Amino acid sequence: QETLDSLGSKISECKSGSSGDFEVTMYIGTRGQVLGAGVAQSKAGDDTAADCLVGVLKEGTFKSPGSWPAKVSFHL
């Protein structure tokens, strides 16, 4: 949550003008790096916002999940 909070303004910029919800799935490596990220949108016309969100989320460094990579999913 701390990393998402720090990226909050960029996330808001990506979502501006979009009325849909976004489901995020990410894989986080053992050092907190984003190994992969994907965003599914509830409205078909939100492709630009989804691409923007993926780019912003890949910039973040998250807490280490431990000795194995982790898959996380959440709504934005």
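Mentor: Start with a pair of side chains. Lys63 and Glu2 form a salt bridge, at 3.6 Å from N to O. Keep in mind that this is a predicted model.

Trainee: What makes the Lys63 and Glu2 contact a salt bridge?

Mentor: The rule asks for a side-chain nitrogen of Lys or Arg within 4 Å of a carboxyl oxygen of Asp or Glu. Here the N to O distance is 3.6 Å. So the pair qualifies under the 4 Å limit. Side chains of opposite charge can pair when their charged atoms come close.

Trainee: Now the helices. Why are α2 and α3 called roughly antiparallel?

Mentor: Helix α2 (residues 8-15) packs against α3 at an angle of about 170 degrees. Angles over 145 count as roughly antiparallel. Therefore α2 and α3 are roughly antiparallel to each other. Their axes are 8 Å apart, and the crossing is right-handed.

Trainee: Which residues make the contact?

Mentor: From α2, Lys10, Ile11, Cys14 and Lys15. From α3, Ala49, Cys52, Leu53, Val56, Leu57 and Glu59. By class, that contact has seven nonpolar, no polar and three charged residues.

Trainee: What does α3 lie across?

Mentor: Helix α3 (residues 47-59) lies across β1 and β2. Against β2 it runs at about 160 degrees.

Trainee: How do you know that β1 and β3 pair?

Mentor: Pairing needs at least two bridges between the strands. Strand β1 (residues 22-28) has six to β3. So the two strands pair, and they run antiparallel. In one of these bridges, Tyr27 has Lys71 of β3 as its partner.

Trainee: What is the strand order in the sheet?

Mentor: The order is β2-β1-β3, in an open sheet with antiparallel pairing. From one strand to the next, the twist averages 15 degrees.

Trainee: Where is Pro69, and what does it contact?

Mentor: Pro69 is in the loop between α3 and β3. Setting aside neighbours within four places in sequence, Pro69 contacts Ile28, Gly29, Thr30 and Leu35. Pro69 and Ala49 are 20 residues apart in sequence, and 27 Å apart from C-alpha to C-alpha.

Notes:
Residues are numbered from 1 along each chain as its sequence is written. This is a predicted model: local features need pLDDT of at least 70, side-chain atom pairs count only at pLDDT 80 or more; totals for chains, interfaces and linings use all residues. Side-chain values use heavy atoms; hydrogens and water are left out. Helices (H or I, at least four residues) and strands (E, at least two) are DSSP runs, numbered from the N terminus. Axes are lines fitted to C-alpha atoms, for helices over the stretch in contact, and angles run from 0 to 180 degrees between N-to-C directions. Contact means heavy atoms within 4.5 Å. Angles under 35 degrees count as roughly parallel, over 145 as roughly antiparallel, 65 to 115 as roughly perpendicular and the rest as oblique. A crossing is left-handed if the near helix is turned anticlockwise from the far one by less than a right angle, and right-handed if clockwise. Ala, Val, Leu, Ile, Met, Phe, Trp, Tyr, Cys and Pro count as nonpolar, Asp, Glu, Lys and Arg as charged, and the others, Gly among them, as polar.
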